[in-house]
Amino acid sequence: MVVILLGPPGAGKGTQGRRIAALRGAPKISTGEIFRDLAAAGTPLGLEAKKYWSLGELVPDEMVVGLIAERLKDADCRNGFLLDGFPRTVAQADILSTLLGGLGCKLDGVLNFAVQDEALVSRLGGRQTCDNCGATYHVKAMPPRAEGVCDHCGHALVRRADDSPEAIRKRLREYEVKTAPLLTYYADRGVLHTVVSNGSPDEVYARVQDALGQMEAS
Ligand code: ADP
Ligand code: ZN
């Protein structure tokens with residue numbers, strides 16, 4: 001199945017996406033993670049993209065679509081995939097639709113994680129991530145078992161460069177202006193499923209499973 005995870009920064013796309021991916025055995029492709037890895041590896045594209053994302057701005061479309069086009073050709077994508085953080089603009093959504101056509105797959109649905117703005121700021125402000133395995137934690141709401149250490153792989157947890165208060169505000173504005181129009185875009189195409197993303201990760205996951213069930217029935 002091909003599913004897009006949509007929603008503002010901090011809405012829980014990463015956390016929920018990892019669970020769905022594990023359940024379905026499909027890869028979760030996060031363009032944000034790809035950019036962070038490329039920057040950490042010091043590649044030219046990675047360093048160029050970091051000029052944008054570290055400030056909370058979207059990376060230009062042309063830097064994103066080539067990466068995605070290549071990633072979707074990988075063998076692990078043959079039985080479907082979850083997209084986390086792509087598309088983020090209407091232009092990217094149009095390109096995705098062409099790419100899917102070329103691969104002979106169809107979009108099953110879009111999960112829209114809806115959450116109130118105040119919740120987003122506190123979720124992102126306390127966030128810690130593992131840059132080895134991609135797991136995310138929250139100092140209050142979802143602390144790791146040992147402070148500062150990833151439960152899954154034992155690596156030290158870090159705060160993302162774009163989780164500063166200024167970058168968080170910028171990311172939320174970028175979402176409203178450039179990404180939120182995708183809600184209408186996909187609603188018009190009859191594939192949008194909204195999941196209320198307030199509450200614990202388990203509560204949200206139960207709603208995700210309902211939405212995936214509806215997608216499969218339609
Ligand atoms: P979050 O959803 O928590 O903001 P992501 O890890 O998905 O974070 O993305 C981090 C940053 O990477 C974004 O703020 C943006 O700068 C860049 N980025 C990721 N995906 C895209 C995309 N599809 N188009 C443009 N920029 C992107
Ligand atoms: Zn880890």
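This is a predicted model: local features need pLDDT of at least 70, side-chain atom pairs count only at pLDDT 80 or more; totals for chains, interfaces and linings use all residues.
Figure 1. Asp162 is found in the loop that runs between strand S7 and helix H7, the latter comprising residues 165-179. The side chain of Asp162 is joined to the side chain of Arg160 by a polar contact of 2.9 Å.

**Figure 2. The zinc ion (ligand 2) and its protein donors.** The protein donors of the zinc ion are the SG atoms of Cys130, Cys133, Cys150 and Cys153, which lie 2.3 to 2.4 Å from the metal. The arrangement is tetrahedral because the 4 donor atoms subtend angles of 98 to 119 degrees around the zinc ion, and the criterion for four donors is that all angles lie between 85 and 135 degrees. Along the chain, the donors of the zinc ion follow the spacing C-x2-C-x16-C-x2-C. Cys133 lies in the loop between strand S5 (127-130) and strand S6 (136-138), whereas Cys153 lies in the loop between S6 and strand S7 (157-158), so this pair ties together parts that are 20 residues apart in sequence. Cys133 is partly exposed, with a relative accessible area of 34%, and Cys153 also counts as partly exposed, at 29% relative accessibility.

**Figure 3. The residues that surround ligand 1.** A shell of 19 residues surrounds ligand 1, the closest being Thr31, Arg36, Glu57, Gly85 and Gln92. By class, this shell has 8 charged, 7 nonpolar and 4 polar residues. Helix H2, which spans residues 31-40, contributes the largest share of the shell, namely 4 residues.

**Figure 4. Polar side-chain atoms beside ligand 1.** A polar atom in the side chain of Thr31 lies 2.7 Å from a nitrogen atom of ligand 1, while an N or O atom in the side chain of Arg36 is 2.9 Å from an oxygen atom of the ligand. For Arg127, the distance between an N or O atom of the side chain and an oxygen atom of ligand 1 is 3.4 Å. Of the 550 Å² of accessible area that ligand 1 has on its own, the protein covers 96%.

**Figure 5. Arg127 in strand S5.** Arg127, whose side chain has an N or O atom 3.4 Å from an oxygen atom of ligand 1, is found in strand S5. The residue is buried, with a relative accessible area of 15%. Computed along the sequence, Arg127 and Ala141 are 14 residues apart, and their C-alpha atoms are 9.3 Å apart in space.

Figure 6. His138 is found in strand S6 and counts as buried, at 12% relative accessibility. A polar atom of the His138 side chain lies 3.0 Å from the backbone nitrogen of Lys140. The backbone nitrogen of Ala141 likewise lies 3.0 Å from a polar atom of the His138 side chain.

Figure 7. The peptide bond from Phe86 to Pro87 is cis, with omega near -5 degrees. In general, most peptide bonds are trans. Pro87 lies in the loop between strand S3 (81-84) and helix H5 (90-103), and Gln92 lies in helix H5. Gln92, which is among the residues closest to ligand 1, is buried, with a relative accessible area of 3%. The C-alpha atoms of Gln92 and Glu62 are separated by 9.0 Å, although these two residues are 30 residues apart along the chain.

Figure 8. Gly109 lies in strand S4, which consists of residues 109-114, and counts as buried, at 0% relative accessibility. Between Gly109 and Lys178 there are 20 Å from C-alpha to C-alpha, and the two are 69 residues apart in sequence. Ala211 lies in helix H9, made up of residues 201-217, and is buried as well, with a relative accessible area of 5%. The C-alpha atoms of Ala211 and Arg24 are separated by 14 Å, with the two residues lying 187 residues apart along the chain.

Note on methods. Residues are numbered from 1 along each chain as its sequence is written. Chains are lettered from A and ligands numbered from 1 in the order in which they are written. Side-chain values use heavy atoms; hydrogens and water are left out. A residue is near a molecule or strand if one of its heavy atoms lies within 4 Å of it. A polar contact is a pair of N or O atoms within 3.5 Å; within protein, one must be able to donate a hydrogen and the other to accept it, and residues adjacent in sequence count only if both atoms are side-chain atoms. Accessible areas come from the Shrake-Rupley method with a 1.4 Å probe; for residues, only the protein chains shown count as cover. Helices (H or I, at least four residues) and strands (E, at least two) are DSSP runs, numbered from the N terminus. Ala, Val, Leu, Ile, Met, Phe, Trp, Tyr, Cys and Pro count as nonpolar, Asp, Glu, Lys and Arg as charged, and the others, Gly among them, as polar. Donors are N, O and S atoms within 2.8 Å of the metal (3.2 Å for Na, K and Ca); water is not among the atoms, so sites may look incomplete. Four donors count as tetrahedral if all angles lie between 85 and 135 degrees; four count as square planar and six as octahedral if opposite donors are over 155 degrees apart and all others between 65 and 115; anything else is irregular. Buried means under 20% relative accessible area, exposed over 50%, partly exposed in between (1.4 Å probe, protein chains only).
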